[in-house]
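The following note concerns a pocket and the helix packing beside it. Please read the points with the structure open.

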Amino acid sequence: MMNDNNISEKEFLLQFISIYRDMPMLWRIKSKEYMDKHKRINAIKKLTELLKVSRRNITEEDVKKKINILRTTFKRENNKVKKSMVSGSGTDEVYVPSLWYYKELEFLQDQMEEESGISSITEQMVNRR
């Protein structure tokens, strides 16, 4: 992807994430919209068109790749956080994500495939309160 306009890569990524967040049919995996392939295809087209303001030559393929990279990177960082929170570790031992846009992607948190074990412990603790 070439930088056509006077917008930094960081600004572009924040813009990309913001628009992506507003299109739950692309990330809310248990929704009816997500299950509808045509809605997802149309959303990718719309996302691509909106991003052409900043990146004139961006393609739908570029957008799909970027979404995949963002999700994979977020999941990797999120797994590090979860693994550092296993019972017995102190708060100073909890992994702090080094990914500068981690907070921007936290809307994906409950969209990740759950790993067994960790969530049940948290759920039991919440139910005791």
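1. In the points below, helices are DSSP runs of H or I with at least four residues, numbered from the N terminus. The model under discussion is a predicted one.

2. The second largest pocket has a volume of about 280 Å³. Its lining consists of Leu26, Tyr34, Lys37, Arg40, Ile41, Ile44, Glu60, Lys64, Ile67, Asn68 and Arg71. By class, this lining holds five nonpolar, one polar and five charged residues.

3. Two helices, α3 (37-51) and α4 (60-84), each contribute at least two residues to the lining of the second largest pocket. The largest share, five residues, is supplied by α4.

4. The axes of α3 and α4 come within 9 Å and cross at roughly 100 degrees. The two helices are therefore roughly perpendicular to each other. On the α3 side, the contact is formed by Ile44, Lys45, Leu47, Thr48 and Leu51, and on the α4 side by Glu60, Val63, Lys64 and Ile67. Five nonpolar, one polar and three charged residues make up this contact of α3 with α4.

5. Helix α1 (residues 9-21) also packs against α4: their axes come within 12 Å, crossing at roughly 90 degrees. From α1, Glu9, Leu13, Phe16, Ile17 and Tyr20 take part, meeting Val63, Lys66, Ile67, Leu70 and Arg71 of α4.

6. Ile67 deserves attention when the points are read together. This residue lines the second largest pocket, takes part in the contact of α4 with α3 and also meets α1.

Terms used:
Residues are numbered from 1 along each chain as its sequence is written. This is a predicted model: local features need pLDDT of at least 70, side-chain atom pairs count only at pLDDT 80 or more; totals for chains, interfaces and linings use all residues. Side-chain values use heavy atoms; hydrogens and water are left out. On a 1 Å grid over the protein atoms alone, a cavity is a set of points where a 1.4 Å probe fits but cannot get out, and a pocket is an open set with protein on both sides within 12 Å along at least five of seven lines; lining residues have an atom within 4 Å of a point. Grid points are joined across faces, edges and corners, and a volume is the space filled by probe spheres set on the points. Ala, Val, Leu, Ile, Met, Phe, Trp, Tyr, Cys and Pro count as nonpolar, Asp, Glu, Lys and Arg as charged, and the others, Gly among them, as polar. Axes are lines fitted to C-alpha atoms, for helices over the stretch in contact, and angles run from 0 to 180 degrees between N-to-C directions. Contact means heavy atoms within 4.5 Å. Angles under 35 degrees count as roughly parallel, over 145 as roughly antiparallel, 65 to 115 as roughly perpendicular and the rest as oblique.
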